[in-house]
Number of protein chains: 2
Amino acid sequence: MGVVETAIDTIKQMIIGGELRPGQKLPVEKDLAEQLGISRNTLREAVRALIAMRVLQTRQGDGTYVTSLSPGLLLDGMSFVADVHQGGGAGEFMHVRRILEPEGTALAAPRITDADLGRLGDLLDEAERLASEGVVDHGKLVALDQDFHSLIIFHCGNPVLAAVIENLSGRTVRARIWRGMTDPQALRRTLREHRAIHQALLARDAERARLHAATHILGVEDGLAALRLAGPEGDIR
Amino acid sequence: MGVVETAIDTIKQMIIGGELRPGQKLPVEKDLAEQLGISRNTLREAVRALIAMRVLQTRQGDGTYVTSLSPGLLLDGMSFVADVHQGGGAGEFMHVRRILEPEGTALAAPRITDADLGRLGDLLDEAERLASEGVVDHGKLVALDQDFHSLIIFHCGNPVLAAVIENLSGRTVRARIWRGMTDPQALRRTLREHRAIHQALLARDAERARLHAATHILGVEDGLAALRLAGPEGDIR
DNA sequence: CTGGTCGTATTCATCGGATCAATTGGAGCT
DNA sequence: AGCTCCAATTGATCCGATGAATACGACCAG
């Protein structure tokens with residue numbers, strides 16, 4: 001095993017073993033490199049790998065710190081994975097989301113705050129306003145869609161579940177779906193489904209929320225499949 | 001944004017954009033560094049970050065290559081996340097697994113090959129043999145347990161689902177559960193549940209498989225909760 | 001004594017160059 | 001044709017130096 005890999009594992013073990021705790025500052029590069037018996041450049045490569053995993057964080061002029069190590073933070077590298085597979089694998093990611101998101105939505109029903117229920121309503125109102133005006137700015141709709149789902153899932157009570165769901169559909173895939181929603185009828189259906197989920201949450205009815213979320217994602221999956229039939233390659237090069 | 005971060009994003013975009021395809025070789029460090037207008041050391045830090053994400057792979061004396069980018073490969077960094085949270089967050093990971101694994105098991109029922117059904121039986125036989133002999137080697141049992149679940153989930157038909165499930169319970173957590181299974185009755189129950197799942201798969205009965213998998217993981221969750229009551233800190237320092 | 005300002009030391013970021021090690025591919029030999 | 005061996009290629013590691021951002025303490029004004 002290479003020197004860098006060894007250093008990565010050593011630091012990992014220091015964290016798992018509790019020697020380094022969240023928020024704690026690491027020794028300065030020069031000292032840590034000497035302590036591990038490696039050069040400063042090599043240590044930096046190891047640190048850079050752990051930064052990519054969101055395990056460490058550096059601040060120039062200050063030092064290197066262990067992050068909060070919260071699941072939401074550590075799992076958000078997954079979205080890149082989803083983006084890479086926007087082609088053939090998108091359906092597989094969506095399938096997992098179809099399993100998880102209804103459950104998360106049901107869990108959120110008794111937990112979501114009244115304030116956020118109101119915010120959800122606002123998001124829907126704005127989306128419907130945009131849609132009725134025949135807006136072509138899909139970016140706005142994508143953002144509203146993402147906010148809607150995120151806000152619900154945030155209240156599921158399980159940060160790991162929330163983080164996994166959150167990262168299953170990367171921005172690229174999500175944008176592709178909405179871009180493909182040229183049919184105004186499909187757009188109206190999506191908004192109607194969102195409204196139904198909102199109604200169920202307002203009634204604190206977990207079962208209805210679960211079912212509406214499930215059918216909603218089924219609809220999204222169908223849209224994705226149709227998209228693939230229409231244009232096998234989604235790239236516009 | 002720092003120079004290294006820019007370089008990481010550039011390479012990422014080259015992959016998402018299709019300019020770099022799986023298995024393809026990157027330009028040599030010297031050339032690529034020059035092309036990106038950065039030093040070789042800086043480029044190496046960017047490459048190292050992408051290696052940590054399993055996006056790139058280097059072979060000394062040969063070159064740097066884009067990996068297969070398969071979901072299973074890219075998602076296997078998750079297991080480290082699970083390991084870090086062996087303390088408080090383990091239950092949350094197990095909860096997600098409880099949602100996904102029954103579904104994956106049900107999906108596997110009609111797909112798993114007869115050969116692998118036989119292999120599952122062999123695994124169970126060996127586990128029961130070890131248990132009846134009062135073996136204290138938990139490592140063997142952990143490995144058999146992992147093989148059992150992996151072999152089933154492998155046939156769920158969705159590599160993304162399989163990869164996520166596979167990485168939700170890191171080795172550390174799994175080992176902790178089995179180590180905590182000091183009660184011979186609990187061990188027998190676990191084996192009985194495994195056998196029940198196997199029987200359902202043999203009968204190609206997806207619904208029974210789903211239910212048995214769900215109750216099995218519930219049992220594991222209970223064991224984990226009991227473990228936390230017994231000893232809040234699992235570290236033996 | 002309090003508050004702000006400024007300079008300096010600390011620390012990470014980036015760079016250029018040098019040497020080591022592993023792999024590859026071809027020259028040369030049998 | 002097949003094998004051996006050497007040299008070129010390429011990543012791995014190290015060293016030293018400079019730039020840039022931050023933190024902290026000295027200093028000063030009120």
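Reader: How many helices and strands make up the secondary structure of chain A?

Author: Chain A holds twelve helices and two strands, where helices are DSSP runs of H or I with at least four residues and strands are E runs of at least two, numbered from the N terminus. The model is predicted, with local features needing pLDDT of at least 70 and side-chain atom pairs counting only at pLDDT 80 or more, while totals for chains, interfaces and linings use all residues. Residues are numbered from 1 along each chain as its sequence is written, chains are lettered from A and ligands numbered from 1 in the order in which they are written, and side-chain values use heavy atoms, without hydrogens and water.

Reader: What share of the 237 residues of chain A counts as buried?

Author: The share is 49%; buried means under 20% relative accessible area, exposed over 50%, and partly exposed in between (1.4 Å probe, protein chains only).

Reader: Which residues of α8(B) are buried, and what do they pack against?

Author: Among them are B:Leu141, B:Asp145, B:Phe148 and B:His149. The buried residues pack against α6, α7, α9, α10, α11 and α12 of chain B, a contact being heavy atoms within 4.5 Å.

Reader: What part of the contacts in chain A with a separation of 6 or more comes from residues 24 or more positions apart?

Author: Such residues account for 72% of these contacts.
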